[in-house]
Amino acid sequence: MSDIDLQHRMTTSVETVDAPSDLVDRVRQGGARRLRRRRFIAAAAVALSAVVVADVATAGPSVMGGRDDTTAAAVPATDDPYRFLLNQPTRGDLANDQIYLDQVVSTWDESHEKSLNQDRGIFDNLRGNPHVAWAGRTPGGRAAIVVQQSYLRKHDNLQIAKGLYTLIGFIGEDADGHSTLIADSYPAPGAGLITGFVTGSRQRALVMLDTGQKVGWSSKRIYADDGSSHLDYAPLKFTDGISVVPLRAGTDVRTIMVSVLPAGKFTHLFVAGTNWPDTSTRESRLWPTAASWPLGPGAEEMRNSAADLFGKTLDDVTAQYPLLAIDSLWHAYGKTANGSRLVVGEFAMDTDATRVYAVLQSPTGKTEVVPGGIPDPSAPLPVTIRLPNDQGWVVARRGARLSSRVGDGAWSTPRENAALVAENPKTEAKVEVAGSVQIVQLR
Amino acid sequence: MVAPGDDFDIFVRGTSTRLLRTAVLLTGDRSAGEDLVQEVYERVYVRWRQIRGAPEAYARKALTNLVANRWRNRSRKPEVALADHHDRPDLDGADGFAIRDQLLIALQDLPPRQRAVIVLRYYEDLTEVQTAEILRCSVGTVKSQASRALGKLRLSTEPVIQEGLR
């Protein structure tokens, strides 16, 4: 497949897609609303907020244009994956605790205004009464799953075929024992579904909905000494349509993964309450700008292939590819004394800390990954990786002049940013940054 | 702050179909693409007077960032379906639909960064340098991601393409 073939095929794939004729109007409406919101915030009109909310509450239905839908035919959508929860009696060990069930419903009812999905209009045309599909005790406190039908229709930021769909709410408890909404969701086209949640403030639990599939969970990615990494999925056992997993103290909920088994590349299921950070503004790399650092003679011919060799080799040793892979923007590359090609860089997965690796490729083509661990950006040499078979050390620090010597010998000619250093028990590296010099023993 | 004038409307009308097609390639879903494109233009609307340079480039970059954020935040709004074909591309039927569908599915099976590289390089026809600038990565990364993505696309789409040509 040539580049031109691919371009033609992509063009053909979307040639029937045209922008909707009302896009300009919708954009102007949405943009104007954003401007108003910015002005409102800029004016810090805190005192007025109660009045504004009251106005919206009164005028809401007509402003939202939803009046015509209140009488629309209530035909359930055929692609409503949460609907099965509506048709079953409340399950769980708190199913008969009417006081708690009432609390759950109140929490659900009161949560819509602050919901992340509120401005999609999914709560504008709720139908019927909320139904608690499951309520039970967990190590993280009482928890529940509540569902309610809603007549969804096209909205400013919701493109969906009109229809009656089932909304879902995941309810847990806050530190004071009060019921609180952890997340709500709806069957968005083009999006998958949240099927579980983490609840609890001191002790925590993972609560997963039984969707009829064999499912496992993993608490964290395991990094092996050979540079490979994988997730060990423990199968979940479902009772009353739910699986509850106690989470040990200190469990980092951001690293929890749930997958249909056997786990593959695109088998993840999604969990609310795991507090994934907003990675769009978070930079976790050791050195977040692009750079190429040749490590000596013979390195230049690797300039265009180094990143590929590094990335492909790490892909090959990464089982269960992550939801979020953060590639290295810098690479140091060259050849070792025995003729192996060497590339050094960093790689981070999901919410884990970035790690540095050296990738070696022997003259016969065999590749090997040498993990360098989690780098310490404040260390004199954040990257210090000992290569196997007496091939020396590779060291790196952005912006530094690096030289080395053995014992009392002469210092080598300094290199910028990264250097390949000979293996010897008496080897030490000199790190010069902005006039300061530090000596690091390589042991 | 003054609301944008007619020049904004002309800009949207002139660029929206192209941007929507890019969004569909990036997301594999028309509805999601429309959501994203509308959000992009709303952001452009708010900043219309402050945007320096070509607004198309601003919009394309905003779209790419939004797609990345959508993917990154999918623990809250995920992209894997329970129901069969829930998240399959929703293009209207036409001749050769299966082939197009297969390519869109194959694109969605790529890791997001590789998908973005392919769409920006081969659909938007940007240079490697422009693609690297939008994706905030090195030119080397663009090259390597494109290489890997092309290999995967060949493996996953060519049998169907050949069948379609019989």
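Predicted model: local features only at pLDDT ≥ 70, side-chain atom pairs only at ≥ 80, totals over all residues.
A salt bridge is a side-chain nitrogen of Lys or Arg within 4 Å of a carboxyl oxygen of Asp or Glu. In this structure, Asp22(A) and Arg26(A) form such a bridge, with N and O 3.2 Å apart. Residues are numbered from 1 along each chain as its sequence is written, chains are lettered from A and ligands numbered from 1 in the order in which they are written, and side-chain values use heavy atoms, leaving out hydrogens and water.

**Salt bridges**
- Over all chains, the structure holds 19 salt bridges.
- Asp22(A) is partly exposed at 32% relative accessibility, whereas Arg26(A) is buried at 9%; buried means under 20% relative accessible area, exposed over 50%, and partly exposed in between (1.4 Å probe, protein chains only).
- Asp22(A) and Arg26(A) belong to a salt-bridge network with Arg30(B) and Glu34(B).
- Arg60(B) and Glu124(B) are joined by a salt bridge of 3.3 Å, N to O, and both residues are buried.

**Helix H4 of chain A**
- Helices (H or I, at least four residues) and strands (E, at least two) are DSSP runs, numbered from the N terminus.
- H4(A) covers residues 98-111, and its buried residues include Tyr100(A), Leu101(A) and Trp108(A).
- The face turned away from the buried side of H4(A) carries the exposed residues Ile99(A) and Glu110(A).

**Confidence**
- Chain A averages a pLDDT of 84, and 84% of the residues score at least 70.

Terms used:
Expected span 1.5 Å × (residues − 1). pLDDT = per-residue confidence, 0-100.
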